[in-house]
Amino acid sequence: MQVMHKSDDFFEFHLGNMKNISIYYFESLTNTEKIEANLLDTLKDAEIQDIDVLKNIVPFTQSYVTSDIRQIEEKLLVGFIALCLNDNTQEILLIPSKFNTDRQISQPEIEFSVIGPKLAFIEDMQTNISLIRKRVSLPQLHVKKLNAGKITKTDVAIIYIDGIANQTNIDTIIQRITDIEYDQIIDSSFISQMISDNSQSPFPQFMDTERPDRVSSALVEGKIAIVCEGSPHVLIAPTTLVEFFAAYEDYFLSWHIATAFRLIRLFAVIFSVLVTPMYVAVLTYHYHIIPGDLLGTLISSRKDIPFPPIIEVLILELTIELLREAGARLPTKIGQTIGIVGGIVIGTAAVEAGLTSNVLLIVVALAALASFTTPIYRIGNTIRLIRFPFIFFAQLWGMIGVVIGIMFFVTHLLRLTSLGRPFLEPIYPFRWKDFKDTIIRLPFDVQGKRPILSGAKDKNRINTSRTLKKHDKRK
């Protein structure tokens, strides 16, 4: 502990008539009120010669004695108090007294839902584990704790249901986190980037969520959750592409409405990615396929535009991206004002100045609006990025370029995996049974099996034959 003495917030003082009890702690990490109210009153006049007796007197649970210097230093750095007798640093009593600076549990800000629970994870790992355990009250719910980051030593918890989760998936995640050699792990997104199957892909291979109900549902399906100290988001693996377009609110609605909403989201994503590239391709190479009634409107809107379609599109697309970034980085009230006023003023001014056509302004606005329908933020960023390669392909080769772009990304997705599981499942490999809760959501009573993707040991969710008999009796 000699190195710690150099820090001004490291405290050491002695108690007892003979000053035989020494106390060490970091003022910035420890609850000093707890020390004064409980510890000092107990030890004020203590004359204790044995460390075990001291442990029994101290009014704290989860205290323990150790002689491991490295463990003592690690515990002091996370808010523990160290006590020793007669300056005997060979045996140290460690007492938990962490100063809690975490915020209160609040509503989800990114995955907000009108219907359903209104709780979200916070930056404290123990609180997040508690939120999960409240929803999955099983003795089989296991928590495996690790450390990541050579300097930060960040606590990471791997959560799964024993008897349901696939052991190979569990071992793979543990091995990958153990192998991390980076010096700092600040957030779960660091882990996601470092243990993904393909870290070069723009597509996220781990789903991150701030909703405890989504994590609990994934655990029951046989998936694995990764909780990181200091992160309000929890990772779920393995996952598939179509799961990123399923809002958890879908399970609180009837299956007809939920299926319709999922199809709308998928259509919106495809529309957002392809509509501006197709605009460039059609006006550059394939204007003859435009209907005659619409052709006159397009010609009149573009007659004073001095730029080719590609430049016109890039001007508006980059403007939209600038407005998004400005709105996201500024305070909430100012960001909303920038998004609304900036969009109206800049869009109107661009059309009146003859830099873009009013038809393209509508198209780009609809594409931006469609990209906001994705319930998971990270996949929304991916959609924003991949639109630009399609635009350049369309400029080079027209509709053939758009098709080449589609083939390139489909090939990439076919090769992509999440914990070794196919990322495009159940589309490829085609698994009809898993379609019951992917692109569409069928009623719960026909979802008798857990998804094949998770590789769950126990594949049965409900007794299908018994459920059918109950339905027959109702009729």
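Reader: What covers the buried residues of H7?
Author: This is a predicted model, so local features need pLDDT of at least 70 and side-chain atom pairs 80 or more, while totals for chains, interfaces and linings use all residues. Residues are numbered from 1 along each chain as its sequence is written, and side-chain values use heavy atoms, leaving out hydrogens and water. Taking contact as heavy atoms within 4.5 Å, and helices (H or I, at least four residues) and strands (E, at least two) as DSSP runs numbered from the N terminus, the cover includes H4 (125-135), S6 (141-148), S7 (154-161), S8 (207-209), S9 (224-228) and S10 (234-237).

Reader: How many residues of helix H7 are buried?
Author: Buried means under 20% relative accessible area, exposed over 50%, partly exposed in between (1.4 Å probe, protein chains only). Pro212, Asp213 and Arg214 make the list, among others. Out of nine residues in H7 (212-220), the buried count is eight.

Reader: Is Glu425 buried or exposed?
Author: Glu425 sits in the loop between S12 (421-422) and H15 (464-474). Because its relative accessible area is 3%, Glu425 is buried.

Reader: Which side chain joins that of Glu425 in a polar contact of 3.5 Å?
Author: A polar contact is a pair of N or O atoms within 3.5 Å; within protein, one must be able to donate a hydrogen and the other to accept it, and residues adjacent in sequence count only if both atoms are side-chain atoms. Beyond four places in sequence, Glu425 is in contact with residues including Thr240, Val242 and Asp434. The polar partner is Arg431.
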